[in-house]
Structure formats: C-alpha cells, structure tokens
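I opened my notebook today to look up a few things in a protein model. Come and read along with me.

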Amino acid sequence: MKLRNVVPGMLVLTLVLLAGCGGGGGGEGKGNPIGVAEQFMDLYYKKGNAQEAKALATPEMAEKIQTTLASVGAGTAGDEISYILKEQSREGKHSYALYQITVKKKEGEPVYKTTSLFIDLVEGAWKITLFDEKTMPGPHQETTKG
C-alpha cells in the first residue's frame with residue numbers, strides 16, 4: 001500500500017525537477033534564439049515597448065533599440081503590423097533571424113521593412129547582439145535563384 005503512494009509522489013517530484021531545469025538540453029541556456037527573436041519582434045514592433053525589448057538584448061544593443069524606437073516610433077493606433085520569419089540559421093552559440101515586416105497604415109501607403117537579428121548565447125541566456133532594420137521601397141518580392 002505504501003509503494004502505491006510512493007510511485008506517484010516520485011513521478012510528481014521528477015516532473016517538478018525537470019521543469020525547473022528547463023528544456024535547454026545540454027546547457028544551451030534559457031529559451032531558444034528564435035523564441036527570443038519572436039518575443040523581441042512582438043515587444044518592439046507590435047507593442048512599441050522599448051523597456052521590455054531592451055531586456056532581451058545586450059547593453060550595447062539596448063541603447064540602439066531605445067534610440068531607434070524613439071526616432072522612428074512604433075506602430076501608431078490603427079496601424080496593422082505583421083511580420084514573417086524569412087530566414088534563420090544557428091551555429092553553436094550564434095543564431096540569425098531575418099524578418100519581413102509590413103506596416104499597413106490607417107491612412108497612407110503601407111511601409112515595408114526588413115529586420116536582421118543576431119542572437120547569441122551570453123552568460124547562459126540568448127540575447128539580441130545585433131539589430132538592423134531597413135525600409136524597403138516597395139512590397140517584399142519573392143526571389144528565385146536561377
């Protein structure tokens with residue numbers, strides 16, 4: 001009878017310990033780089049929240065994020081912002097993500113941008129180490145290699 005009570009208790013304890021260790025798999029650090037990139041895109045572009053977006057970056061990039069958001073501003077009320085992950089790569093402690101962004105203005109023509117993010121493993125956590133945004137002259141075009 002006591003063994004019947006021990007087995008479920010051990011199962012619960014094991015699950016709690018595994019959850020506490022995180023799913024990093026082999027000491028990869030907290031989260032995953034694309035997850036951090038997605039979180040950054042939501043905070044920076046959709047919510048215009050520089051404070052929380054900066055928390056995902058190294059101190060050097062945090063300054064650039066604050067300056068860039070202050071100068072260009074985030075989406076204004078009524079603007080619809082969408083983005084698509086177009087490229088990603090990962091090699092060890094370094095990762096890269098390229099996003100295409102479309103800002104449909106409440107009034108006026110849509111704005112098209114690309115954003116490159118480099119996400120590196122820094123002190124056990126994935127951080128944005130490079131952020132580069134470019135405004136495109138028109139809609140994003142699919143390219144074919146020929």
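Here are my entries, from the overall picture down to single residues.

**Entry 1: ground rules.** I am working with a predicted model, where local features need pLDDT of at least 70, side-chain atom pairs count only at pLDDT 80 or more, and totals for chains, interfaces and linings use all residues. Residues are numbered from 1 along each chain as its sequence is written, and side-chain values use heavy atoms, with hydrogens and water left out.

**Entry 2: the whole chain.** I looked up the secondary structure and found four helices and four strands. Along the sequence, the pattern reads α-α-α-α-β-β-β-β. Helices (H or I, at least four residues) and strands (E, at least two) are DSSP runs, numbered from the N terminus. I also noted that 32% of the 146 residues are buried. Buried means under 20% relative accessible area, exposed over 50%, and partly exposed in between (1.4 Å probe, protein chains only).

**Entry 3: a pair of strands.** How many bridges join strand 1 to strand 2? I found eleven, between residues 80-91 and residues 94-104, and the two strands run antiparallel. Two strands pair if DSSP finds at least two bridges between them. Ser82 stands opposite Thr102 in strand 2. The hairpin of these strands has two residues between them, and there Gly92 takes a positive phi near 65°.

**Entry 4: another turn of the chain.** I then went to Glu123, in the loop between strand 3 (111-122) and strand 4 (125-136). Phi of Glu123 is near 50°, a positive value in a residue other than glycine. Is Glu123 buried or exposed? Its relative accessibility is 82%, so Glu123 counts as exposed.

**Entry 5: salt bridges.** I searched the whole structure and got three salt bridges. A salt bridge is a side-chain nitrogen of Lys or Arg within 4 Å of a carboxyl oxygen of Asp or Glu.

- Lys105 and Asp79 meet at 3.8 Å, N to O. Lys105 lies in the loop between strand 2 and strand 3, and Asp79 in the loop between helix 4 (59-72) and strand 1, so the pair ties together parts 26 residues apart in sequence. Lys105 is partly exposed at 36%, whereas Asp79 is buried at 16%.
- Lys113 pairs with Glu133, the closest N and O atoms being 3.4 Å apart. Lys113 is in strand 3 and Glu133 in strand 4, so this pair links parts 20 residues apart in sequence. Lys113 is buried, at 13%.
- Lys134 pairs with Asp132 at 2.6 Å between the closest N and O atoms. Lys134 is partly exposed at 45%, and Asp132 is partly exposed at 28%.
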